[in-house]
Amino acid sequence: MTVLELKDVTKRYGGFLAVDSVSLNIEEGRVLSLLGPSGCGKTTTLRIIAGFASPDGGVVEIAGENVRHLKPYERNVGLLFQDYALFPHMTVAQNVAYGMRHRGTPSSAIPSRVKQMLSLVQLVGMEFRYPSQLSGGQQQRVALARALATDPKIVLLDEPLSALDAKLRLELRIELKEILRAVGATTIVVTHDQEEALSLGDEVAVMHAGKIVQRGTPTQIYKAPANRFVAEFVGRSNWFNGSRRLGSTGDFNSYLTGDGVEIRCRSDQSKMQDTYDLCIRPENIELVDGSARALGEDAESNVLGGVVLDVAPLGADVHVVVELPSKGRLLAIRKNLGRATGVVPGQQVHAVFSASDVLVF
């Protein structure tokens with residue numbers, strides 16, 4: 001069953017086109033991450049669904065009903081705001097019950113529903129505390145319980161974890177996913193955090209300049225980006241630019257970049273244009289000691305010699321910057337700190353990566 005459908009939705013603010021003919025549908029029980037940079041239109045799209053903004057054109061349907069004429073409280077939508085928007089003068093239980101009281105839930109049914117929601121978000125025993133007596137993570141759970149308490153047709157989460165510190169954000173990301181799965185909530189998560197979008201969503205829709213430029217599973221978005229914008233926004237990337245194709249051998253095409261680097265890739269030559277961008281994800285690059293170049297000499301591999309400029313330990317990972325003779329740079333991410341032991345600035349190395357891992361745009 002399709003719970004939400006947008007058809008050619010448009011929204012302008014003066015001369016600025018915030019949402020540009022967006023069409024979108026979500027099936028029951030699915031979680032969709034709406035991902036994009038600030039100003040791309042994702043929050044405006046969320047506000048249109050919730051009823052806080054009126055579209056200039058298009059159709060907004062929830063459970064088959066056109067809701068453009070309905071006020072926010074008439075749409076049976078649960079909304080978790082970025083700043084949680086809890087009522088400071090109300091207890092936890094009163095905050096969770098607020099939506100039910102204003103949507104006609106029988107008074108006799110409210111206490112048991114509040115208890116059920118607080119159990120779901122692991123806040124049993126905190127019913128009589130006030131928001132000021134809670135941590136940021138606890139406030140987020142209360143706001144989520146309030147959003148789910150009315151059994152909404154669709155749940156809208158606006159940057160739900162952005163107000164939390166990094167460690168707590170990771171912990172609650174896992175909890176949030178489990179809670180949404182447990183209740184089977186049809187959900188849209190609006191975020192600019194790529195890890196949050198990829199980990200929470202069954203699907204991800206990437207927005208840019210008011211349009212949805214790609215929609216797919218997290219794996220599709222990351223491994224097969226539709227264009228350079230998606231590849232740059234989702235994950236780290238190394239880029240080579242050029243305009244000369246050297247030719248093809250078997251399953252491989254060879255390209256010469258503008259700074260003289262030859263790169264092989266496995267791609268359909270018919271899709272190539274006169275100019276192109278080549279993208280290599282850092283985690284697909286292995287560093288091989290300068291004396292071991294033969295390890296990468298085969299038709300499938302690219303081997304680029306260079307000098308280590310910097311080694312930066314970042315927790316369990318290590319970022320290694322390698323300068324090529326052409327003055328181009330590669331950023332290689334080593335998954336394991338121990339595997340990078342011995343890599344030092346000034347060392348001659350070879351960056352080795354598969355032709356199959358080169359994305360061509």
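The lining of the largest pocket comprises 11 nonpolar, four polar and two charged residues. Here Ala, Val, Leu, Ile, Met, Phe, Trp, Tyr, Cys and Pro count as nonpolar, Asp, Glu, Lys and Arg as charged, and the others, Gly among them, as polar. The model is predicted: local features need pLDDT of at least 70 and side-chain atom pairs count only at pLDDT 80 or more, while totals for chains, interfaces and linings use all residues. Residues are numbered from 1 along each chain as its sequence is written, and side-chain values use heavy atoms, with hydrogens and water left out.

**Pockets**

- A pocket is an open set of points on a 1 Å grid over the protein atoms alone, where a 1.4 Å probe fits, with protein on both sides within 12 Å along at least five of seven lines; lining residues have an atom within 4 Å of a point.
- The largest pocket holds about 450 Å³ of space; a volume is the space filled by probe spheres set on the grid points, which are joined across faces, edges and corners.
- This pocket is lined by 17 residues, and V77, F81, Y98, G99 and R103 are the closest to its centre.
- At least two lining residues of the largest pocket come from each of β6 (77-80), α2 (92-102) and α4 (136-149); helices (H or I, at least four residues) and strands (E, at least two) are DSSP runs, numbered from the N terminus.
- The second largest pocket has a volume of about 350 Å³.
- Its lining has 11 residues, with Q194, E195, G235, R236 and I333 nearest the centre.
- Two or more of these lining residues are given by α6 (194-200) and by β17, and α6 gives the most, with three.
- In this second lining, three residues are nonpolar, three polar and five charged.

**Sheet and helix**

- Strands of a sheet pair through backbone hydrogen bonds, either parallel or antiparallel.
- An open sheet of four strands has the order β2-β1-β4-β5, with antiparallel pairing; two strands pair if DSSP finds at least two bridges between them.
- β2 (16-27) and β5 (65-66) are the edge strands, each pairing on one side only.
- Strands β1 (residues 2-13) and β4 (residues 57-62) run antiparallel and are joined by five bridges.
- L4 stands opposite I62 in β4.

**The loop residue P325**

- P325 lies in the loop between β17 (317-323) and β18 (329-334).
- P325 counts as exposed because its relative accessibility is 71%; exposed means over 50% relative accessible area, buried under 20%, and partly exposed in between (1.4 Å probe, protein chains only).
- The C-alpha atoms of P325 and G306 are separated by 6.2 Å, although these residues are 19 residues apart along the chain.
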